[in-house]
Amino acid sequence: VKEAGRKNYMVYDQTMNEAFTERVAIEKHLQNAFDNNEFQVYYQPQLDIRTNKISGFEALLRWNSPVLGSVSPLKFIKVAEDTHFIIPLGKLVLQNACDFLKRLKENGYSDLTVSVNISILQLLQADFIDFVNETLSIYQIEPELLELEITESILIESFEIVTPRLQILRDNKVKIALDDFGKGYSSLSYLKQLPITTLKVDKTFIDYIVGQNEDDFVGHIISIGKNMGMCVIAEGVEHQNQLDYLIRHDCDKIQGFLFSRPIPENKIYELLDSQVPP
Ligand code: C2E
Ligand code: CA
Ligand code: CA
Ligand code: CA
């Protein structure tokens, strides 16, 4: 028993060490990666369930490092937040998204939306609202085509500061999505107080929809969002039976590998052009 305990401890210790080494490596290469344009923004289509057509996209960062290989955003976003590198990186994503919106318009797709993930640190910057407004105006984008995705944990940590800022953005017609809904500290009272336009039901809930023993649980979540006047989107939809369920429960939109993975901008246009014309 003693022997096994020691072995476990050693494995744990080694895993921690590897994670630490990885963090250090990521941190070391972030700035260079930025200067060398190693970051790319991919876009994952969101499908309107009723029309069965693309209604918008979520912007997702990709980092292919010549030294570290492809690094998951789950890893480098965390490091970027801890080092405040998320500020310039977040700006890059927002600019890229508005540039994409502009090209969508030039290609005749003038009503598609783009959603951008926003870190709490960005929202806490004094000039965040100005930056959003300036970027929209530089690229001549209608604010209602931009959606900012924020997570519940953000809101609960800094509710007092964040709420009025979100309200200002919302007054300017920018959309606000609550990301990963249900994953964290969901509280319906928060939902009511915040100017949220879109509820993104977390993948863990969508995973519950498995076919035979499905219940109305996710359906109830959809109803809550819809009763509050929000657009409800299901994330991480991978299977047809999940989509069938979501159709039956009147969900508005889906995003997931079933329809498309996140893809680079140059692949988006063929996908859009392959859809039946309006
Ligand atoms: P998220 O905002 O919840 O983004 C959705 C994640 O689910 C993405 O992972 C996406 O590729 C993945 N996904 C979409 N559909 C499916 C599906 O059907 N099955 C499965 N298994 N996964 C699916 P990704 O791109 O690895 O991003 C991970 C997280 O990193 C994001 O989670 C977000 O929190 C963060 N992130 C990514 N880009 C940015 C960014 O530009 N800024 C900030 N602040 N965070 C970002
Ligand atoms: Ca998101
Ligand atoms: Ca999410
Ligand atoms: Ca998620």
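This is a predicted model: local features need pLDDT of at least 70, side-chain atom pairs count only at pLDDT 80 or more; totals for chains, interfaces and linings use all residues.
User: Let's begin with the metal. Which residues are the protein donors of the calcium ion (ligand 2)?

Analyst: The donors are Glu58 through OE, Asn117 through OD1, Glu149 through OE and Asp179 through OD, at 2.2 to 2.5 Å from the ion. Along the sequence, their spacing reads E-x58-N-x31-E-x29-D. Asn117 belongs to strand E4 (residues 113–117) and Glu149 to strand E5 (residues 146–151), so this pair, 32 residues apart, links distant parts of the chain.

User: Is Glu149 buried or exposed?

Analyst: Glu149 is buried, because its relative accessibility is 1%. Asn117, at 30%, counts as partly exposed.

User: Which residue coordinates both the calcium ion (ligand 2) and the calcium ion (ligand 3)?

Analyst: That is Asp179, and the two ions are 3.8 Å apart.

User: Now the largest nonpolar core. Which residues touch the most other members?

Analyst: Leu104, Leu169 and Leu246 do, in a core of 81 residues. Helix H3 (residues 86–106) gives the most to this core, 10 residues. Beyond its neighbours within four places in sequence, Leu246 is in contact with several residues, including Ile49, Val218 and Cys251.

User: How many disulfides are there?

Analyst: In general, a disulfide is a covalent bond between the sulfur atoms of two cysteines. Here the count is 0. Cys251 is in no disulfide, as the nearest cysteine sulfur, in Cys231, lies 7.9 Å away. Cys251 is also buried, at 2% relative accessibility.

Notes
Residues are numbered from 1 along each chain as its sequence is written. Chains are lettered from A and ligands numbered from 1 in the order in which they are written. Side-chain values use heavy atoms; hydrogens and water are left out. Donors are N, O and S atoms within 2.8 Å of the metal (3.2 Å for Na, K and Ca); water is not among the atoms, so sites may look incomplete. Helices (H or I, at least four residues) and strands (E, at least two) are DSSP runs, numbered from the N terminus. Buried means under 20% relative accessible area, exposed over 50%, partly exposed in between (1.4 Å probe, protein chains only). A nonpolar core is a set of buried Ala, Val, Leu, Ile, Met, Phe, Trp, Tyr and Cys residues joined through side-chain atoms within 4.5 Å. Contact means heavy atoms within 4.5 Å. A disulfide is a pair of cysteine sulfur atoms within 2.5 Å.
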